[in-house]
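Subject: Structure handover

Hello,

Please load it before you read on.

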Protein chains: 2
Amino acid sequence: MTSPAVLDPAIAARLKRDAAGLVAAIVQQHDTGEVLMLGWMDDEALRRTLGEGRVTFWSRSRGEYWRKGDTSGHVQHVRSVALDCDGDALLVRVDQVGAACHTGDQTCFDAGDLGAQVAAP
Amino acid sequence: MTSPAVLDPAIAARLKRDAAGLVAAIVQQHDTGEVLMLGWMDDEALRRTLGEGRVTFWSRSRGEYWRKGDTSGHVQHVRSVALDCDGDALLVRVDQVGAACHTGDQTCFDAGDLGAQVAAP
């Protein structure tokens, strides 16, 4: 199967992009439920992610496409992709190879606890 | 305990806000790992969330603070808040009362599967 050259118009019509043409992409480990990172996708990054079964982001800092794992080996194999109710966020469930964070931590949130007040349920 | 009037400067210094002064906030059910929704916070929304133990967002569509559950009853009790490695995303782990999505679905991603190609791991 070859990937289509453009994102499926039925999907493209549902995206609510920000001023830079991007939607947020939450990446979650499919079996443990661990939230690994947040990235950004434009239509082309989403097209590649859906078609290749590997996660591609748009890197806002570098201004280029970034297929996760191409340099680090820390590939994200796609298990499912879902768009939220208002079209501005994706939930990408993956099987992560190695650590998700460039720091070597398993997730990008591992070192960032802010010490919130914990309310009784 | 009374909440401070401004966000802890040590936390504020770590935030990498977008052009609108916001960071993305992923909300996850603390025990099941289910990703419930993505919202947005400015410094004040984060201050309230950390101080009150209830999640407050900045609503981009309505242009106002929005404490989840105040009208629906579908409150989000905060269990932890973590900032990611580059400071532009928060992971808020909560105990969700009722459905997280305004559609009545448990999560905002329930109806949005995009049928990704599933790669072999």
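Below are the findings, starting with the annotated site and ending with the chain contact.

Please keep in mind that this is a predicted model.

Annotated site. An unreviewed UniProt entry lists Asp84(A), Asp86(A) and Asp88(A) under "binding site". The lining of the largest pocket includes Asp84(A), Asp86(A) and Asp88(A).

Asp84(A) sits in the loop that runs between strand E5 (76–83) and strand E6 (89–96) of chain A. Its relative accessibility is 7%. Asp84(A) therefore counts as buried, since the cut-off is under 20%. Leaving out residues up to four places away in sequence, Asp84(A) touches Ala89(A), Cys108(B) and Phe109(B).

Asp86(A) is also placed in the loop between E5 and E6 of chain A. Asp86(A) is partly exposed, because its relative accessible area is 35%.

Chain contact. Chain A puts 46 residues into the contact, and chain B puts in 46 residues. The two chains bury about 3800 Å² between them. Carbon and sulfur atoms account for 64% of that area.

Two salt bridges are counted between chain B and chain A. A salt bridge joins the side chains of Arg60(A) and Asp88(B), at 2.6 Å from N to O.

On chain B, the side that touches chain A draws at least two residues from each of strand E1 (23–29), strand E2 (35–41), helix H2 (43–52), strand E5 (76–83) and strand E6 (89–96). E5(B) gives the most to that side, with seven residues.

Best wishes

Notes:
Residues numbered from 1 in each chain as written. Chains lettered and ligands numbered in written order. Predicted model: local features only at pLDDT ≥ 70, side-chain atom pairs only at ≥ 80, totals over all residues. Heavy atoms only, no water. UniProt positions renumbered as here; feature names shortened; annotations may be inferred. 1 Å grid on protein atoms, 1.4 Å probe; cavity = no way out; pocket = protein on both sides within 12 Å on 5 of 7 lines; lining within 4 Å. Helix = DSSP H or I, 4+ residues; strand = E, 2+ residues; numbered from the N terminus. Buried < 20%, exposed > 50% of the residue type's maximum accessible area, 1.4 Å probe, protein only. Contact = heavy atoms within 4.5 Å. Buried area = accessible area lost by both parts, 1.4 Å probe. Salt bridge = Lys/Arg side-chain N within 4 Å of Asp/Glu carboxyl O.
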